[in-house]
Amino acid sequence: MNFVRDEVTVSVPASSANLGPGFDALGIALELRDEIRVRATTGATHVTVEGEGAGKVPEDDTNMVVQALRAGLESVGASQIGIEMHCVNRVPHGRGLGSSSAALVSGLAAAGALLEPGALDTEAIFQLAVQMEGHPDNAAPAVYGGAVVGWMEPSAGQVTPRAYAQQFEVSPQVRLTVLIPEFELATSQARGLLPESVPHRDAAFNAGRAALLPLALAQHPELLFFATEDRLHQEYRREGMPQSLEMVDRLRAAGTPAAISGAGPTVIVFDHLDPATRQDLEHLGWKPRELPVAPQGIIVR
């Protein structure tokens with residue numbers, strides 16, 4: 001497997017998963033990007049980090065982006081290399097905005113860009129990212145951009161299920177605002193709060209809302225309040241992020257469609273917030289950011 005470049009720059013968007021009822025299935029890319037610059041060397045790995053995680057994330061081969069890059073090279077039988085990498089991290093860590101997917105996809109995309117065309121294509125990057133993440137709801141929008149439905153199916157003769165993704169349209173009338181808190185919540189902690197089973201009536205409720213959500217986002221934004229209702233996972237996670245669920249309750253009580261972004265604790269609002277509301281939220285310790293949908297996932301220069 002031949003290397004055709006020795007330096008590439010890759011950017012990958014943030015993402016919000018679940019969007020209320022679409023647990024582990026629905027996600028949307030947001031125009032807030034991590035960017036990495038990678039140079040292949042013959043020496044040891046060295047990573048510098050700017051922005052989110054600076055001074056906290058590893059700066060050697062244990063860095064998540066480096067590990068993903070090496071996994072990408074290994075998957076196609078390419079030789080391992082020395083790596084000089086500079087990361088500009090804009091996606092907040094531990095906030096439910098897909099920072100781990102952005103890191104994994106960045107590393108995999110960098111590996112593909114260093115190699116000859118087609119050696120590690122977009123579909124292969126998606127499959128590897130899902131294997132590393134365990135589910136496609138953040139990986140799919142990070143790779144492809146836009147709003148995406150992701151699912152997994154067993155493949156004949158393969159231990160690992162195959163991942164699938166289908167993009168769908170988002171109406172230009174849809175406005176997305178994320179409310180980012182000061183505190184973090186690990187995805188593993190949030191998942192640990194979920195029960196082994198839920199009442200059948202709640203599962204049926206969510207099936208209807210999850211089916212409605214792509215239609216609401218694409219053609220009927222006036223239905224987003226109903227389409228973002230959830231009974232499957234958010235309430236079970238209240239113990240881990242009470243402030244976030246209280247904010248969702250407050251917004252929905254005022255008729256504003258809102259949900260937990262991914263595993264939280266960020267809240268995603270499917271609306272524009274007026275300046276007075278934004279100021280009130282800032283005084284309460286939230287950082288509101290209106291982010292457009294990112295139409296493109298991986299961008300390579």
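Tutor: Let's start with S99, which is buried because its relative accessible area is 18%; buried means under 20%, exposed over 50%, and partly exposed in between, using a 1.4 Å probe and protein chains only. Before going on, please note that this is a predicted model, in which local features need pLDDT of at least 70 and side-chain atom pairs count only at pLDDT 80 or more, while totals for chains, interfaces and linings use all residues. Residues are numbered from 1 along each chain as its sequence is written, and side-chain values use heavy atoms, with hydrogens and water left out.

S99 belongs to helix α2; helices are DSSP runs of H or I with at least four residues, strands are runs of E with at least two, and both are numbered from the N terminus. Setting aside neighbours within four places in sequence, S99 is in contact with V91, P92, H93 and G94, where contact means heavy atoms within 4.5 Å.

That brings us to P92, found in the loop between β4 (82–89) and α2 (99–114). P92 is buried too, with a relative accessible area of 8%. Beyond its neighbours within four places in sequence, P92 is in contact with L32, E52, L97, S99 and I180.

R95 lies in the loop between β4 and α2 and is buried, at 12% relative accessible area. A polar atom of the R95 side chain lies 2.8 Å from the backbone oxygen of H93, and the R95 side chain also reaches the backbone oxygen of F183 at 3.2 Å. Not counting residues up to four places away in sequence, R95 touches several residues, including I180, P181, F183, S261 and T266.

Now for the wider setting. In an unreviewed entry, UniProt lists P92, R95 and S99 among the residues for "binding site"; such annotations may be inferred rather than shown by experiment, positions follow the numbering used here, and feature names are shortened. Of the listed residues, the lining of the largest pocket includes H93, G94, R95, G96, L97, G98, S99, S100 and A102. A pocket is an open set of points on a 1 Å grid over the protein atoms alone, where a 1.4 Å probe fits, with protein on both sides within 12 Å along at least five of seven lines; lining residues have an atom within 4 Å of a point. The largest share of this lining, 5 residues, comes from α2.

Notes:
A polar contact is a pair of N or O atoms within 3.5 Å; within protein, one must be able to donate a hydrogen and the other to accept it, and residues adjacent in sequence count only if both atoms are side-chain atoms.
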